[in-house]
Amino acid sequence: MTAQPPMPLPAPLGVPSATAPDRDFAALAAEALGRLPELAPAWTDHNPGDPGITLLEAMLWAVADLHYRTGNRALDGWSAEVGLYREVPGRHWSGVPLPADPTRLRALADALAGLPGDVRAAVRTVGAPLDAERAVADAAPGLVAAEVRAAVRLLRAPLVLAVALDDSDVIATVAATVSGGGTSDGSAVAVALRAAGVGPRLWDEELAAVARHRRRADLARRLNEAAGRVRELVAAAADRMAAETALTGEFGLDAAEARDALGLHPAPPGARPEDWERGDGETTAWPPHPLQVRTVEPVTTGDYARLAAGVVDRSIPSRPVTVRRVWAVPAVLPGIAWDGTSVGTAASRLGAITLLVEPDDPEALDTEPRRRAFLTSVLRQALAGPGETAEIDDPYEPVHLDLDRLAPRRMICDEVGAALLEYCRVTLRGVIYVPVSSSRQQVLDGALDRIKLLFAAGRPETAVSSPDPGYPRDLDGPWPSPGVVATGPSGGWWPGEPIRIAELVQVIMRDPGVLGVDDLAATTDDTTTDDATGGATWHAEELPLAANGVPFLGGHQCLTIRLELREECGDGC
């Protein structure tokens, strides 16, 4: 029997996708496979032939490919109609504002089909929009004003499009030379086009529209030819406004065109996804900018934490309470659940996430109603977008009640609650051996200071540092709303992590004057008592902490400083 050759590794996507803020397929796959033992401990077959691994790799390839395509997109792939994208009111022949109601849309179609030939001819020949609308309204009295305007636009669209195509060279020249061709109401452009004999039957608004589209299509071509220079100007700017000013000066753009040209850079300084979106989340750029692509990715625990970090609770008008640090812990912790009910004990189950928050003024939350109000504010901030009702305020609303509303930031099956950070008072017991020439108090104070620093900073391997205040290099999931500061826990002990006594010994021994440490043990206020003695339970190997707690040293410690007369510490050190 011969062994089958090993399955080849997937080909990497390529160098361009590794450019910030992207990671290539290989990096994504390595991270995902590294997380599998933690997220799915029962899943042990991680070979390429495993169906689950195949599906995971297919999903990661799609994500990497999408990033690659958007990060390297070019404006020359956009149609002349779209050019540099504009919302419906800024477009013309293909941007007809049709009725959203299917019944009314059918009524409009029936009315157009039944219009007499003389009415159709009149709409294409009359000299003013009001005359055309009056002719359609008289022939189709069942249409409302907006539907009449849409009918006129549809009837005249072939005429406008024919002029745009047949006279494109003249339109391009006029659009490029007439002042205000891209920003004004178009009256100057319309006069110039009419003087050039273009579109004698078109109205001024239609002439301005074809000139505007021609200008934007030419501008897209010009910017693509100078894409390197565009990226160079943007990268050299201090912020987004400076970048747009530089683009305006070099390429003669208006404000909207400069914003769109900014999108040729995959990571403009100081730019956010909202710079290409309206208040309701609708994009003003198409295809979306790479930053926007990342806002539609799956929500992560980091997203929940970043959003909760911007909370300002004003339930106490004289003392607004903000968030100092926040963690998104994959567990149920004592606090409030997603529907506002109280949670008394910690638990662990799939999909459960608790936003564990440390207020900047814990003393302000001195009553249960104030604590609940603060935690409710945390869930509102983290789980509701603009125009949404937070789930905490209406927990049993049908999911599909309104298909047009923005999707909640909570992923389906995520059970997100909120809890307050607890502080676990730690007391130490043991003997520290020092030379006879040492100052006992100085050695003791130094040892306690180093342990306090460890508790405050956290272990290097688990402490989370604040993200770069500039452009975040690895965006995952929905971006915080404008005005929300995106911060994570700035250092600190990870809640619930036990304290290893051995690492405390190492911290104490960092003082060259310490000869040894004997019988070191620790306890906390909330540890169970020893049934035999009635006192606290001392832990000599690992001190467990509450799942929602971080350690701090109490004022009273049971450490003894013993002078050692010998040069080296004897047995038991």
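Helices and strands here are DSSP runs, H or I of at least four residues for helices and E of at least two for strands, numbered from the N terminus. With that settled, hello everyone, and let me start at a loop: Asp254 sits between α11 (240-251) and α12 (255-262). Before going on, a word on where the values come from. This is a predicted model, in which local features need pLDDT of at least 70 and side-chain atom pairs count only at pLDDT 80 or more, while totals for chains, interfaces and linings use all residues. Residues are numbered from 1 along each chain as its sequence is written, and side-chain values use heavy atoms, with hydrogens and water left out.

Is Asp254 buried or exposed? Its relative accessibility is 13%, so Asp254 counts as buried; the cut-offs are under 20% relative accessible area for buried, over 50% for exposed, and partly exposed in between, with a 1.4 Å probe and protein chains only. A polar atom of the Asp254 side chain lies 2.7 Å from the backbone nitrogen of Glu257.

Now the overall picture. The protein chain has 17 helices and 12 strands. Of its 573 residues, 44% count as buried. Among contacts (heavy atoms within 4.5 Å) with a separation of 6 or more, 70% come from residues 24 or more positions apart. The accessible surface is about 29500 Å², with 57% belonging to carbon and sulfur atoms; these areas come from the Shrake-Rupley method with a 1.4 Å probe, and for residues only the protein chains shown count as cover.

On to the aromatics. How many aromatic pairs does a search of the whole structure find? The search finds two. Rings of Phe, Tyr and Trp (its six-membered ring) pair if their centres lie within 6.5 Å, and planes under 30 degrees apart are stacked, over 60 edge-to-face, and the rest tilted. Phe25 belongs to helix α1 (residues 25-39) and Trp61 to helix α2 (residues 51-71), so the pair ties together parts 36 residues apart in sequence. Phe25 is buried, at 4% relative accessible area, whereas Trp61 is partly exposed at 35%.

The other pair is Phe455 and Trp493, with ring centres 5.7 Å apart and planes at 85 degrees, so that pair is edge-to-face. Phe455 is in helix α16 (residues 440-457) and Trp493 in the loop between α16 and β8 (499-500), so parts 38 residues apart in sequence are tied together. Both of these residues are buried.

A nonpolar core, by the way, is a set of buried Ala, Val, Leu, Ile, Met, Phe, Trp, Tyr and Cys residues joined through side-chain atoms within 4.5 Å. Which members of the largest one, with its 35 residues, touch the most other members? They are Ile432, Phe455 and Leu504. Helix α16 gives the most to this core, with seven residues. Leaving aside residues up to four places away in sequence, Phe455 touches Val426, Trp493, Ile499, Leu504, Pro551, Phe552 and Leu553. There is also a second, separate core of 29 residues, including Val321, Leu355, Val357 and Ala390.

The loop between α16 and β8 also holds Glu497. At 17% relative accessibility, Glu497 counts as buried. Its side chain and that of Arg459 are joined by a polar contact of 2.8 Å; such a contact is a pair of N or O atoms within 3.5 Å where, within protein, one must be able to donate a hydrogen and the other to accept it, and residues adjacent in sequence count only if both atoms are side-chain atoms.

Last stop, helix α14 (residues 301-308), which is mostly covered, with six of its eight residues buried. Those buried residues pack against β2, β5 (352-359), α15 (368-383) and β6 (415-420). Thanks, everyone!
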